[in-house]
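Here are some notes on the model, set down as numbered points. Please read them alongside the structure.

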Amino acid sequence: MKKLLIILALIFESYQTCLAQDRPQVEIQTSKGTIIVELFNETPQHRDNFLKLVNDGVYDSLLFHRVIQDFMIQGGDTKSKTAKTGEQLGSNDLPYQVPAEIHPELFHQKGALAAARTGNLQRASSSTQFYLVQGKIQNDSLIQHNQGRINSMLQRHFARNHPDNKSLIASLGQAREAKDTASFLSLSKKLDQVVAGFEDFEKYEIPEEHVKIYKSIGGTPHLDQNYTVFGQTISGFEVIDAIAGVETDERDRPIENVYILSMKRIPSQK
């Protein structure tokens, strides 16, 4: 038995090493400088989708349309290339979603590359919109607060997807489609009550190794386990800081446009 456990451990270690090897890298040229990100093999659908968009030039000349200092910078709205000054952005992408690939070991440390999404039940990602985490240094109090926020979002997710609440969710959707405001508000209140009392899910505790990173380089831990993280910045952290620090309007759009000039895959050195 001991020999078998050793063999299994070696196989798992080899698998993890394999995942870490040959991670594709993408160079993001922005109007504030260059960022290089590494894509995770643990999220193959997001990796392959991002690489296809990069190869097709979809991101070239788009904007970072949503910027919040100490939080993140978001880009990928497909209509941002031709958007007028002050025009609201954030609802445009290609007509498909990428299935969620949420892994406990992938988290929102500074420089994390993650997928934006709507509030859909499956937590499926936008086809094109992504964000890069700036975040901030965390302390014990903030870690505990953000752990509570993570579990609140998980509680809502699992409550909305529980079979017992299927008819309520369907009715809510019908009220939304019919633009029946009174019914929608009443059903939303009922859902909030259901969510508040829902306990049929495993609560999440931020791993100690993640806590150490959040306390040293920072990040946005409250998004963990609710959005797909599919890459990590390896160069250009100062560019993320520069973009996050620009002046923005009331919708978090930069007053002066910040462009994604181009993206390209960096050839493997092996």
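1. Helix α2 (residues 44–55) has 12 residues and should span 16 Å at 1.5 Å a residue, which agrees with the 16 Å between its end C-alpha atoms. The expected span is 1.5 Å times one less than the number of residues. Helices (H or I, at least four residues) and strands (E, at least two) are DSSP runs, numbered from the N terminus.

2. This is a predicted model, in which local features need pLDDT of at least 70, side-chain atom pairs count only at pLDDT 80 or more, and totals for chains, interfaces and linings use all residues. Residues are numbered from 1 along each chain as its sequence is written, and side-chain values use heavy atoms, with hydrogens and water left out.

3. Among the buried residues of α2 are H46, R47 and F50. Buried means under 20% relative accessible area, exposed over 50%, and partly exposed in between (1.4 Å probe, protein chains only). After α2 comes G57, with a positive phi near 75 degrees.

4. Q134 sits in the loop between β8 (130–133) and α3 (140–161). Its relative accessible area is 7%, so Q134 is buried. Beyond its neighbours within four places in sequence, Q134 has contacts (heavy atoms within 4.5 Å) that include I68, D70, K110, G219 and I240. A polar atom of the Q134 side chain lies 2.5 Å from the backbone nitrogen of D70.

5. In helix α7 (residues 237–244), V239, I240, I243 and A244 are buried. They cover an arc of only 135 degrees around the axis, which puts them on the same side of α7; the arc is that of the directions from the helix axis to the C-beta atoms. Strands packed against by the buried residues of α7 include β1 (25–30), β8 and β9 (229–235).

Conventions:
A polar contact is a pair of N or O atoms within 3.5 Å; within protein, one must be able to donate a hydrogen and the other to accept it, and residues adjacent in sequence count only if both atoms are side-chain atoms.
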